[in-house]
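Take a look at the sequence and the model below. Then read on for a short tour.

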Amino acid sequence: MNKSPQWQALNRKVRYLEKQQGLDRAAHEALVLGVTGKDSMSECSASDLQAIVDRLEENAPTSKPGKKGGFVKAGKGYVRMIWAIWGSIKRAGKLDAEDTDAALLAFVNARLRTRQFDDVRQLDWLTSDEATPIINALKSWDRRK
């Protein structure tokens with residue numbers, strides 16, 4: 001099937017943004033399915049690809065000057081909150097898991113209704129509505145003795 005020049009340009013942009021953000025094949029497939037409901041970009045229209053580009057650009061880490069001239073990555077505040085509470089739980093010794101990233105992923109996936117993540121980097125794809133119950137559950141866990 002011949003794809004329009006617009007479709008081809010958007011396809012290249014998706015690939016570029018995914019590479020820039022370090023997304024692997026599983027993350028790519030989850031993104032396409034999550035945004036368009038389709039299994040593959042080859043099934044997507046140009047408007048579907050534009051929606052994927054928009055999601056990638058929305059979730060792209062930005063850099064801003066940090067202390068002492070360094071740079072820090074800024075992301076969504078609620079995703080940083082998830083990581084911060086998770087770190088507090090780990091430091092308090094309330095987490096009994098060797099692979100803490102996998103444990104966080106399992107915790108998040110257990111609370112998501114519409115999609116599942118394969119990699120902790122995909123937490124950046126959470127919406128505020130999805131993150132709120134996760135944050136509340138983590139806060140509750142962190143408060144327990």
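## About the model

This is a predicted model, in which local features need pLDDT of at least 70 and side-chain atom pairs count only at pLDDT 80 or more, while totals for chains, interfaces and linings use all residues. Residues are numbered from 1 along each chain as its sequence is written, and side-chain values use heavy atoms, leaving out hydrogens and water.

## Overall fold

The protein chain has six helices and two strands. Both kinds of element are DSSP runs, numbered from the N terminus: helices are H or I with at least four residues, strands are E with at least two. Read from the N terminus, the order is α-α-α-β-β-α-α-α.

The chain holds 145 residues, and 38% of them count as buried. Buried means under 20% relative accessible area, exposed means over 50%, and partly exposed lies in between (1.4 Å probe, protein chains only). Now consider contacts, meaning heavy atoms within 4.5 Å. Among those between residues at least 6 apart in sequence, 53% join residues at least 24 apart.

## Helix 4 meets helix 5

Helix 4 covers residues 77-91 and helix 5 covers residues 100-111. Their axes come within 12 Å and cross at roughly 120 degrees. An axis is a line fitted to C-alpha atoms, for helices over the stretch in contact, and angles run from 0 to 180 degrees between N-to-C directions. The crossing is right-handed, meaning that the near helix is turned clockwise from the far one by less than a right angle.

Which residues make the contact? Helix 4 supplies I82, W83, W86 and K90, and helix 5 supplies T100, D101, A103, L104 and F107. Six of the contact residues are nonpolar, one is polar and two are charged. Here Ala, Val, Leu, Ile, Met, Phe, Trp, Tyr, Cys and Pro count as nonpolar, Asp, Glu, Lys and Arg as charged, and the others, Gly among them, as polar.

## Salt bridges

How many salt bridges does a search of the whole structure find? It finds five. Each is a side-chain nitrogen of Lys or Arg within 4 Å of a carboxyl oxygen of Asp or Glu. One of them pairs E29 with R25, with closest N and O atoms 3.1 Å apart. These two sit four residues apart in helix 2 (residues 25-36), so about one helical turn separates them. E29 is partly exposed at 37%, and R25 is exposed at 52%.

K38 pairs with D48, with closest N and O atoms 2.5 Å apart. K38 lies in the loop between helix 2 and helix 3 (46-59) and D48 in helix 3, so the pair ties together parts ten residues apart in sequence. K38 is partly exposed at 26%, whereas D48 is buried at 16%. K94 pairs with D142 at 3.7 Å between the closest N and O atoms. K94 is in the loop between helix 4 and helix 5 and D142 is in helix 6 (residues 128-143), so this pair ties together parts 48 residues apart in sequence.

## A glutamine in a loop

Q122 lies in the loop between helix 5 and helix 6. Is Q122 buried or exposed? At 1% relative accessibility, Q122 counts as buried. Leaving out residues up to four places away in sequence, Q122 touches A26, A27, A30 and F117.
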